[in-house]
Structures are given as C-alpha cells and as structure tokens.
Amino acid sequence: VTTELQDTLFSLEEKTDDGGTPPGFRLHRLELLNWGTFHQGVRTFRLDGANSLLTGDIGSGKSTVVDAITTLLLPANKIEYNKAAGAQKKERSLMSYVRGFHKSTRSTGGEYSKPVALRSTGALTVVLAVFHNAVLGKSVTLAITLWATQEAGQPSRFYSLAEADQSIAADFSNFGQDPAKLKKKLRAAGASVHDTFEPYAAAFKRQFGISGNQAMELFHRTVSMKQVENITSFVRTNMLEEDNVAERIGKLIHHFDDLKKAHEAVLRAKDQIALLTPIKDGAAQHAKLSHEDELARQQRDQLHPWFTDRKLQLSLEHQAELERTGDRLQEDSTKLRTEITGRRHELSAVQEDIRTNGGGRLAAIDADIARLAVESRTQRQRFDTYAEAAKDLGLRPPEDPVLFDANKARLGEVEDQLGEQSDELQESRTELTITRTELNARLTEIGKELRSLQSRPNLLPLPQLELRRRLCDGTGIAEAALPYAGELLRVRDGEGAWEGAAERTLHGFALSLLVPAEHYAAVSSWVDANNLRGRLVYLRIGESPAARAAGEGTLAAKIAIKQGTPFRNFLLDELATRFDDVCCDTLEDFRRYPKALTVNGQLKGGRGRHEKDDRRELTDRRNFVLGWDNHDKISRFLAEQDEVRGQLRVTEAQLAKVTESLGDLGRQNQQLGTVRSVADFGEISWQLTGRRIEELKAEKLELETASDVLKQLTAKESAVSAELERLEERAGKLRERLGANEKDARDIAEAIEECRGILAETPLTDDGGVLAAVEHLTKAALGDKTLTYKNTGTAESSVRAGLTDTIDALSKRIARAAESTVRLMADFRNKYPNETTDIDAALEAAGDYNRLLEQLVSNDLPRFEAHFKESLNQNTIHEVVAFNAFLDSRRQDIVNRIGEINQSLAGIEYNPGRHIQLEHQNTSDQDVREFGVDLRACSEGTIGDEDQYSEQKYLQVERLIERFRGREGLTTLDERWTAKVTDVRNWFTFSASEKWTETGEEFEHFTDSGGKSGGQKEKLAYTILAAALAFQFGLGSGAGTGTAPAGKKSGRSFRFVVIDEAFGRGSDESARYGLQLFQRMKLQLLIVTPLQKIHVIEPFVSHVGFVANTNGDDSQLRNMTIQEYRDERDRRAG
Amino acid sequence: VPVDSSSWTTVSGLRAQSLKAWNSGTLLRELLEPSGAYPRRRALKRPTAASLLSEYTAAQRWAAELFAGAGTYTLETVEVGRRTVGSNQIPAAAVFASVEDEIGFVCKSRDAVRFRELAAALGELDRSLPSLGGEAPAEAARAG
C-alpha cells in the first residue's frame, strides 16, 4: 500500500494533520433549560468541537443530556429515550423531561411511584445546541422550545434554526411568558422557526450537508450501540432499518377476513346443498313410490271386474263349444239307436232259426233250469232258518224227513217249557224294579242334602275370612279365638222353612267378630293401625250374663248355638234380646205382634219399622252365613250315598240279567213260530231240486252236441248278443255324456248370468293402462298356463295376492322413505334454523326444501363462488403478492445498503493494505425459508388462471394468514414467528471478508461461526460502523472512485457522534482501535460513560462534562478540561 | 422501479406484427406459394420473474388477455417466477398453425378469399400471371 493511495483513502485525515482545523460541523455547546432534572437556570455543556466525555454517577443525568441532543436531531416519535441505559420505551417521554418527572428514574428501584413533577404546566423548556464548522467559519444553532399545556400527552413545541451562534440567555429570554412572542422574536432575529419536525430537519440537513435519509437514524442507533456479539446481529440491528410491517399485515388479515366470509358462505351453501339433495331425492322417491302404490291399488280394484269380464268372454266361448258338442252327441245317439234296433231284429231272427232247428227243447230246458235254480235258492234259505231255530229250541237239524217229523212231534212240549220260564222271570223282574225305585229315591234325597251342605262350605264371605286371617297374623291370636257370630249359630234342624228369613234377619249380627276381653286391646290397636280394605264390626265380650232361654215361637228359639263355645251365654242373651221376633205363619199374627217376622222375610221391628229386602233371593243359599263347620255331616252323607249306589248297581245288574233272559225267551218263542211254519219237508228239501237241475243240464249238453247248425246259430246268437250289449253300453255312455253336456251348459249359462250381474254392479274401467297392467300381471302369474273360464278365480286370487304383497312392500318403502326424508329434514332444520323458520320437517314441505335447493344451486352457490373467486383472485392474492413485493423491495434495499457500506468500507484501511467487505448470504433459518415458499405458493399458478375456483389456493392463503393472525392456542408462538419471518433483516446472515485492496483477493473471511475473538469482532464492528457513518454523513470516502459527495465540496459535513462507553467495553485494544478510527475519520465523539474505566478514553478526549445530582431532583453540569478532570480525580482519590 | 409492463407483447402488439406481415404481402404470398414457414411461431416479449412480483396485477391482466385471445393462435408457455411469485405458466410465444389462421387473426380473411379468386382468374387468362400476383399480392388484393 503506497502512501499515495492512503492519501486518497484518508484525505480528510491528512487535512487535519495539515491545518489542525477540524472539518465539518461539530457540536460546540449544548444548553439546557428546565430539561429533566436540569431544573431552573441554564446548564451549559461546552465541547468546543472536540472529543468529549460525559460522565457522572449512575442516575446523575447523563442519559438526560444525551436525550436532549437526540431530541434536537430526531423526531420525537422515533426517539427511544434513555436508550443508552437500555430502558424500556415507555419509561421516559418528552413530557417527562419537560415536566421534570424525577421519581421515575430507574435508580429508585422497585415499583415506580407516581411520577413527581418538578415543574408545573406552562414552564418553558429549551434545548439548544450550537454546531460550528471551523473550516467554513460558520455556526448553526438548533433549538427546541417546549412547554406543557396540560398534565399528560405531548407537550407543545417549536423548532428553530439560526445560522448564528445563539444562546438561551441571549436569545430565548426576556420575551414574556407567551411562546408565540418568543417565536416572533426568534424570527425577527433571523432564525427559521418550525412547528413540525420535518421542515426543520430538512433545513438542518441542508446546512450539515447530509443527503442520506438514514443518517440521523444511524446517529441514534450509534448512541445505544452495545457490545458486539456477532456480525450478523450487529449488522441487522445497527446497520439496517426496522420496517413497520404490522400495518401491512393488518391489512392483509382484514382482506382475508372478507375472503374467509366469502369462503364460509360457499362452504355453507355447499353443505346445505349436500344436505338438501338427499331430501329432494327422498321426497321424489316418496312421490314415485306413492304413485306406484296408487297404481297398484287401482289395479287391485280392477282385478275383480277384469277377471269377471275375462270369465264372461271365456264362458261364452265355452257355451258355444258345448252347444256344438251337444248337437254332435244328439246326432251320434240317433245313429246308435238305429243300429241297436237293427241288431235286435237280427237277434230275434237268429233265435227264431235256433228254435226251428230243434232249439225248442233246448229253450225249454234253459227255462226249467232257470226256474229250478231260483226254487233251489229259496229252499236253501228256508232250510237254514229252520235249522237255526231248531238248534235254539234244542231240536235236531232236519237232515231228512224222519228228523223233520220228530221235531214236529216235540213242538208242543217245548212250548209249555217256555211258558213256565216266562212266568218266573216276570215275577223276579217286578221285584227288582221296586227295589231300584226305592234306592233311587234315597239317592235323590241324599244328593239334595249334600248340595245344600256343599253350597256353603265356608259359610262366611271370603273377604271377611281374609280380614280375620290378616288380623290374626298381625296380632298373633289364634283364628279360633276370634270367631264370627255366624260361625257359632245356625238354624235348628227342622226349621228349614225359616232358614231364609232367619239368615236375612241375622245377617249383620252373624258377620260381627266376637272379641274376648283379653284380646280386645290387641285387636283394637291392629284395626286402628291398618287399612282393613273392607268393613269390620267386632263386639267386645266381657262378663257373660246368665243364660237366657229364648221365648217360644221367636226367631231366637229357631237358632241353635254351637256346642262348647265360651260365647254361649253371650249369644243366648243376644239372641233372646235382639232377635225375639215372633215367627208368624199368618199375616194376622204378624200384624198383631210388635216384633214379628214372616217366613217370606218381612221383618217388623220397634216403633213400627218394617223391612223386606229382596235384593237377594230369600232362598239363595250362597248368601247364608249361619252355621259352623259341616264337613262331618257331609262325609256322613257321602258314605251313605256310596252304599246306596252300591246296592243300586247290584239291583240294576240283576234286573239286566232278568231282562236278557226275558229277551231270549221271546226269541225262542219266535223260532218256535218259524219251526212251526214249515209244514212240509218239501219246502226245505233243496238237495232234491239240485239234483233235478243237474239232470236237465246233462240233457241239454246231449242235445247241443247232437247238432252243428244249432251250434253255429248259438255262436251267432252269442255274437249278436255281445254286439248288442256293446252298442247298448255305448248308448248308455252317450246318454251320460249328453246329460253331462246339458249340465255343463246349464252351469255355464248360470256362470254367464252371474258374471253379467257382477259387471253390471262393478263395471270394468276404461283406463287402458290399468287394464294392460292387470293383463300383464295375469300373464306373469299364469306362466305357461292359459286363462280359461275355470281358472279365472285362482288366477285372480294369485294376482291379487301378488298385488297385495307389492302394495304391502310399497307401503313399507313409502313409510321408510317418508321417515328418512323427514329425519333428513329435521337434521337440516337443526343445523340451519334461520333458513327454515317457516318450513316444517314434513313431507308436505318437500317443495319448500326443493325451492331452497334450487335457489342454492342456481343462484346462491354460483353467486357465493363468484364472490369468493373475486375476493381470492382479485383481492387477497393481489394483497399477498403486494406484500411479497414489498418484502422483496426491502430485501433489495438491504442488499443496496450493504453495497453502500461496502463502498465506504473499501475506503477504510482495516489492516495495512487490506480492507473489509460485508457479504450477505440468505439465511438458512427454516422458518424464513418456509415462509418464502408459502408466500410464493399463494401466487403460484395464478397468472392467466383467474377464473378458477381454487379451494387449494384458499387453503394456502389461509395457512399463511392464520399464522399472521395468531392461531388459537399458538398466539404467542405465531406472533414471534410473524415478527421473525416478516423482518427482512432476518432473511440474511452476514459475514465479513478481509481483502487485499490492491488485488481484491480475499485475505481472511470472518463468519459468526468462525470462532474469532471478541476483540476481532469489535474491531470489525467499529470498522463497519465507521463506514456506515462515513456514507451517511457524507464524509465521502468512495474507494478510489474520486467522486466526492456534495457535502465535501461545499465543506458541509456532519461530524458529531455520540457513543456509549458500553460499546467499547470489550477490550482496551479494540476500544483504542475504534477511537483511533473515529479520530482518523475526523469525527467528533461524545462518549457517555459512568465514572469508572475511562483510562482508555482519556487520551482521545479534551473536554469533560461532569453531571452530578446530589438531591435527585437537581442535576448540575460542570465543564472541565481533561486536565482539570484529572486533577479533580486525583484530588478526590488523594 | 422501472416499469417493465410497457414492453410486453400484448394481443394488439402481436396483431401489429401480423399486420406488418400482411402489409408486406408475406401472408398472401404464403397463401399461393407455401414456404413451409407454418406453423409460425411468434415470440412474445414477456415479464421477467422480478416484474411478475413487482407488477403482478399488470402481468396477470396481460396474460389473461393473451389467453382469452387464443383461438386463431395457440400459446406456448414457459414456467417463470419460481423464486418470486411461485411458479407460473406465462405466455412465451404465439403459434399460428396456418397462414389462414394468421390472416384470420388480422381480420383479413375476406380479402384473402378475394385474392385467391383473382389469382385463379388471372391463372385462367394467362399462365404467367399468378406469379405477378405473387410479387405484390397485397396491392393486388386491394385493387380487387
């Protein structure tokens, strides 16, 4: 590296060396009035354009001074107050400085108390800075005047710029209290006064020769520059501007909301269509099935008429057929009769011939044989009858005349014997009959008695017995100890006639339960505590009174009391007292006695009360309640009954035997008659007749063999006879057929008549479709068979059965279709109640659903889709692309910025003969890369394809924008992600390359992962910062290009930089390098640092501003030279 | 930002190219004496990947117009913008399958028919004449 080249690179440095006049505008003096804790009176910090140090204890007000300087150079809204101290943005504000809030400093620690103001509203605050350019010999005064008009908010202000050296004392006082007057005064003094920052900034930038837009921002960032951690983050945070993408993202999200609404409308419409389509289908199916059902029913209704009609037609055809058959049969019959007549003649002729050819005897023989055969059969019969009768009577079979005569002789004897027997039997029979009658009478009596007894086995009504059973269960008393009165009483034997009247009168008493005194307590408690589910009367039986005899003829006298009961005396007393009604046989008596009773149950009581209750039959024993257990009696009767029955059986057996014997006797008498009727043996001598027939046959055979002619004639005769027989048989059959035919004809005529009758009542429809359908069904049902007049009935029933099945199946399907459709409707209504407020979930509303569907399909969905497409393609995707383009332009800006810095870097010697160049690479961060892909995916394939409905595109856009918005549950994560990926600075990583200036070859490459020491990194960072400052402040060091920026030509340049001590905290060596570098570049430094650790800085500093704040509410600023400062320090240390 | 969209070939730009060919008589000559130039491919000036991003709306409109105008020509597309707006198929060239198509594109079909009839009539008169028509065909057609 030659000195010459270095000259061109660092021409500014040389100039200083030559003239000692520092170039550019430098801060000469800073004045503060009522600024923060600098309260009351003007504080002045003199720098005289030289490197200076601002020091003081923590909390003394160093940052307050720095913030005063930034307030002059940057718009208030961009300033992060107390930035050097790393404070939160909100902690200090312009207002807090104007009002002098002093208790909100960080040094108070802990919770911030409510800020306490040093000044009330209306107090005037002035910050004033005088910049001087020694080369041009020109001073520029910048000042901001502030005053609070209200407690909170932003203070009022104006900015002023004067091309002169002003001071607060001289120029900002003595104007009265009205800021307007101050403005006027300043204007009068030639200063330009601005109410807003922008024109003021433009003015001072012009004065200072600053052309770059970012110069002041860089100045501001430099104040807060911290230790360098790595190159990438140093470049990102300090060299590059932060963009405000939040607003753009907000707009994106807003546009996307419109799209989302449009998309939801589409989805909703599609969903509705998806739900409505099956409803429509279901309703259509239902209607179709209903129609089919209707048709099937019509067909079924027409079955009978149709089949009747068919039957009529077929019957008519058949009738005609029958008529034809009848005619033919008549014809045949006539022919046959003629033939038979001929044959008969022929037979007569042949028989005549036989007779003439000696056939006369033969004929006679034949006649005799026939006659004798008959006779023989008769004789045989009589013989058998006689033989049987004879056997019964003890006679011998009449084998021959001798035996027959013997029998005849014995007949008288037999007759006498039979007479005797008969008399005996008759007598015995009479006796037995009498016995049987007696026994039967006895049985009837017993039976009556038994029925009477058995009709009332329990006497008392069942509920009453049940009640007692429960009572006894509940109390533990034996049932026998608690009898009903009726169980102990009964009508005396022999007073049966009065039984009905007695039962009726005593009924109530009989159903009273008798409770002995010892059980009274238990019973009364139980009765009271339980629901009886019936009525119970019970009588408490105390001391029994003396027995009282009942009055004669009274009802009581007719009542017996059960033996051995302890209640006997009680009952006697009761009966005699309560039931002493006189039983009257006549009504005269009845009317006479005061208490009386008739046998018919009319009761006369005290005070003329009469009663007769015939609601129940008097004799109906079922209601009788009197009497005790009568099983003994019943079994006695049963035993007797058995015995009588046994006797009866024996008697009847004997009687049967006698009767049988009498029958036998009668038969024998009959046979006696039979035997007697045969007077002559000839009447039964069949053997003789038989022999005579054999003789005749032998004679005939003899005759026949004697003549051939006769034989031939006989043969012919038998042939003709056979023929005749055959013909006659045929004639018979023909007659039968004719008869049958006639019957058929009658039947068919009847059937035709019936069919016509039916058709007159239920005429056949003229609906051809229905008839054709019926015909079709019939064909199917018949299969191979054809319809005839006979099978119409069966065919009809089979078709009817088929149709009924079809209708049943249809009904089921209709019901199913209705059910499912209505269910779908209900589902739809549940999901979309607003659309269906006027529509029911019923089949009748199918039209409404169809209209909804129709509206959706033909109108709503296309409209929604069109809106969606427009919103997606015309708005959202355009927005996304615009956002992409914006980010891309920011990316380009960064690349350009790096280019600018590199240009500047090329002019700064890093190491002898070498300079640094920044290099940028795309980040390898996965989120950033994927974000780029996602962003591009939104517009991928969208050009020339605007009309497409793209769900996929929507989803791609949604994916991105939902993350911008912050997904549910991932809000923080998405927020962080959004901040990261939309900050274009994060799209790059940076590295530095140290190059040989001469050849451009790389000497060394510095990356963050390169493991360089902290010192190296800081050195790099200083270099980069210096390069950036040189570029932005227009110091013009364009490497070797020779084109100097405008600022340099006019000598206007800005050379003032505030840095925080923290920046150089790394190592002394690198701090020294940095300070040297700034010195080389002729930059005036104001270094802000606490009291410690300033030895590295000292050599580079000539003025010191010492800030102190002993009370916490009044900061003081002392100006010292570095020498004074050293002395002071030594003195303090000493 | 430089405006790129003004340099892209629009439908009217394409038509101007074809009209130039018509006016020079190239199209009519081709009609009588096919040179084998068809299907003819006319390249389109198209957006760069970067301008797809910076002038997306204009690019979209431009492509849509070309796509919509297709019929007498077909469009060849190329994939562009993978690194900027995501991959998109944008028109790169218009292809006329036949000279008739291109004549149709410039709305001169009726003139072409007329020209053909005249050329044929001339051929009837004298065998040497059609070539004359071939020399200055557009004028011939206009002269009618």
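How many residues does the contact take from chain B, and how many from chain A? Here are a few friendly notes on that and on one residue of chain A.

1. First, a reminder that this is a predicted model. The contact draws on 19 residues of chain B and 15 residues of chain A.

2. The size of an interface is often given as the accessible area lost when the parts come together. Here, chain A and chain B bury about 1,400 Å² between them, and carbon and sulfur atoms account for 57% of it. On the chain B side, Leu53(B), Tyr56(B) and Gln60(B) provide 43% of the area buried against chain A, more than any other three residues.

3. If you look for polar links across the contact, there are 13 residue pairs in polar contact between chain B and chain A, both residues at pLDDT 80 or more. The count of salt bridges between the two chains is 0.

4. Three elements of chain B each give two or more residues to the side that touches chain A: α3 (49–54), α4 (56–69) and β3 (88–96). The largest share, 7 residues, comes from α4(B). Sorted by class, this side of chain B has 9 nonpolar, 8 polar and 2 charged residues.

5. Now to chain A, where His263(A) sits in helix α10 (residues 246–392). Is His263(A) buried or exposed? Its relative accessible area is 5%, so His263(A) counts as buried, the cut-off being under 20%. The His263(A) side chain also makes a polar contact with the side chain of Tyr954(A), at 3.3 Å.

Notes: Residues numbered from 1 in each chain as written. Chains lettered and ligands numbered in written order. Predicted model: local features only at pLDDT ≥ 70, side-chain atom pairs only at ≥ 80, totals over all residues. Heavy atoms only, no water. Contact = heavy atoms within 4.5 Å. Buried area = accessible area lost by both parts, 1.4 Å probe. Salt bridge = Lys/Arg side-chain N within 4 Å of Asp/Glu carboxyl O. Polar contact = N/O pair within 3.5 Å; in protein donor to acceptor, adjacent residues only side chain to side chain. Helix = DSSP H or I, 4+ residues; strand = E, 2+ residues; numbered from the N terminus. Nonpolar A, V, L, I, M, F, W, Y, C, P; charged D, E, K, R; others polar. Buried < 20%, exposed > 50% of the residue type's maximum accessible area, 1.4 Å probe, protein only.
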